[in-house]
Amino acid sequence: MTRLDGNALAGDLADLFQVDLTTALARCAGCGRAGEIATAIVYASPMGRVMRCPTCDDVLGVFVSADGRAWFGLPGVSAIELPAEKP
Ligand SMILES: [Zn+2]
């Protein structure tokens, strides 16, 4: 398993949400840390990627893709903050 940072999820997140979310703030449900997704710790393996909080090491999210389908869960994220579009 390879340890990376949250930038390793850029392709997964862009595929799912059609925008680059690595600069979005994710709040950890475990410790309350709010930081850019790019600063999370990512463990990558051929089966998928696990995103962990760099402060408390709780699992923030899991990303798996196979057979042309993708699954993700954000069990340890209590909120995601994005810039709001200006009117
Ligand atoms: Zn945490």
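Reply: A residue counts as buried when its relative accessible area is under 20%, as exposed when that value is over 50%, and as partly exposed in between. The model is predicted, and the values below are computed from it.

The metal is a zinc ion, and its protein donors are the SG atoms of Cys-28, Cys-31, Cys-53 and Cys-56, at 2.3 to 2.4 Å. Along the chain these donor residues follow the spacing C-x2-C-x21-C-x2-C. Within that pattern, Cys-31 and Cys-53 are 22 residues apart and link distant parts of the chain. Cys-31 sits in the loop between strand 2 (25–28) and strand 3 (34–36), while Cys-53 sits in the loop between strand 5 (48–52) and strand 6 (59–66).

Four donors count as tetrahedral if all angles lie between 85 and 135 degrees. The angles subtended by the four donor atoms around the zinc ion run from 103 to 114 degrees, so the arrangement is tetrahedral. For reference, the ideal angle for four tetrahedral donors is 109.5 degrees.

Cys-31, with 37%, is partly exposed.

The loop between strand 5 and strand 6 also holds Asp-57. The phi of Asp-57 is near 70 degrees, a positive value in a residue other than glycine. Most residues other than glycine have a negative phi. Asp-57 has 40% relative accessibility, so this residue counts as partly exposed. Its side chain takes part in a salt bridge with Arg-52, where the closest N and O atoms are 3.9 Å apart. The cut-off for such a pair is 4 Å. Arg-52 has 23% relative accessibility and therefore counts as partly exposed.

The whole structure has two salt bridges. The other one joins the side chains of Arg-49 and Asp-12, at 2.6 Å from N to O. This pair links distant parts of the chain, with Arg-49 in strand 5 and Asp-12 in helix 1, 37 residues apart. Arg-49 is buried, because its relative accessible area is 17%. Asp-12 is buried as well, because its value is 16%.

Helix 1 spans residues 10–17 and includes Leu-16. Leu-16 has a relative accessible area of 30% and is therefore partly exposed. Together with Phe-17, Val-19 and Phe-72, Leu-16 forms a nonpolar patch on the surface, with about 310 Å² of accessible area in total.

Phe-63 counts as buried, because its relative accessibility is 2%. Phe-72 has 38% and therefore counts as partly exposed.

Note on methods. Residues numbered from 1 in each chain as written. Predicted model: local features only at pLDDT ≥ 70, side-chain atom pairs only at ≥ 80, totals over all residues. Heavy atoms only, no water. Donors = N, O, S within 2.8 Å, 3.2 Å for Na, K, Ca; no water. Tetrahedral: all angles 85-135°; square planar, octahedral: opposite > 155°, others 65-115°. Helix = DSSP H or I, 4+ residues; strand = E, 2+ residues; numbered from the N terminus. Buried < 20%, exposed > 50% of the residue type's maximum accessible area, 1.4 Å probe, protein only. Patch = residues over 30% accessible without salt bridge, like charges linked within 9 Å, V, L, I, M, F, W, Y side chains within 5 Å. Areas by Shrake-Rupley, 256 points an atom, 1.4 Å probe, with all protein chains shown as cover.
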